[in-house]
Amino acid sequence: MTSKIGSKHIAQHRGKKERLEIKRTNVAREAIRQAEARAKYRNQPKGMRPRDEAQVAA
């Protein structure tokens, strides 16, 4: 839960530009996370171990 100033949440005191900037930052951060996850599991057959682990174990 967000912190409060009196009876209002801090988010209510933010300006429109600041809220927009925070939203853009969050969207960009999530896009990076998704890209990393896609790259990690790309071309991996379902139900099999990641290729890096399989090569190390062999």
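The expected span of a helix is 1.5 Å times one less than its number of residues. The legends below use that rule for α1.

**View 1. Helix α1 runs close to its expected length.** This is a predicted model, in which local features need pLDDT of at least 70, side-chain atom pairs count only at pLDDT 80 or more, and totals for chains, interfaces and linings use all residues. Residues are numbered from 1 along each chain as its sequence is written, and side-chain values use heavy atoms, with hydrogens and water left out. α1 holds 26 residues. From first C-alpha to last, α1 reaches 38 Å, close to the 38 Å expected at 1.5 Å a residue. N43 follows α1 and has a positive phi, near 60°.

**View 2. The protein follows the order β-β-α-α.** It has two helices and two strands. Both are DSSP runs numbered from the N terminus: helices are H or I with at least four residues, strands are E with at least two. Buried residues (under 20% relative accessible area; exposed is over 50%, partly exposed in between; 1.4 Å probe, protein chains only) make up 0% of the 58 residues. The protein exposes about 5,800 Å² (Shrake-Rupley method, 1.4 Å probe; for residues, only the protein chains shown count as cover). Carbon and sulfur atoms supply 53% of that area.

**View 3. R33 and E30 pair within helix α1.** A salt bridge here is a side-chain nitrogen of Lys or Arg within 4 Å of a carboxyl oxygen of Asp or Glu. The count comes to two salt bridges. In the one between R33 and E30, the closest N and O atoms are 2.8 Å apart. The two residues sit three apart in α1 (residues 16-41), so about one helical turn separates them. E30 is partly exposed, at a relative accessible area of 34%.

**View 4. R14 forms a salt bridge with E18.** R14 lies in the loop between β2 (8-9) and α1. The closest N and O atoms of R14 and E18 are 3.7 Å apart. R14 is partly exposed, with a relative accessible area of 31%. E18 is also partly exposed, at 41%. Leaving out residues up to four places away in sequence, R14 touches R19 and I22; contact means heavy atoms within 4.5 Å.

**View 5. Confidence is lowest in helix α2.** pLDDT is the predictor's confidence in each residue, from 0 to 100. The protein averages 79, and 78% of the residues score at least 70. Helix α2 (residues 51-57) has a mean of 57. Confidence is highest in α1, at 92. Where pLDDT is low, the predicted coordinates should not be read in detail.
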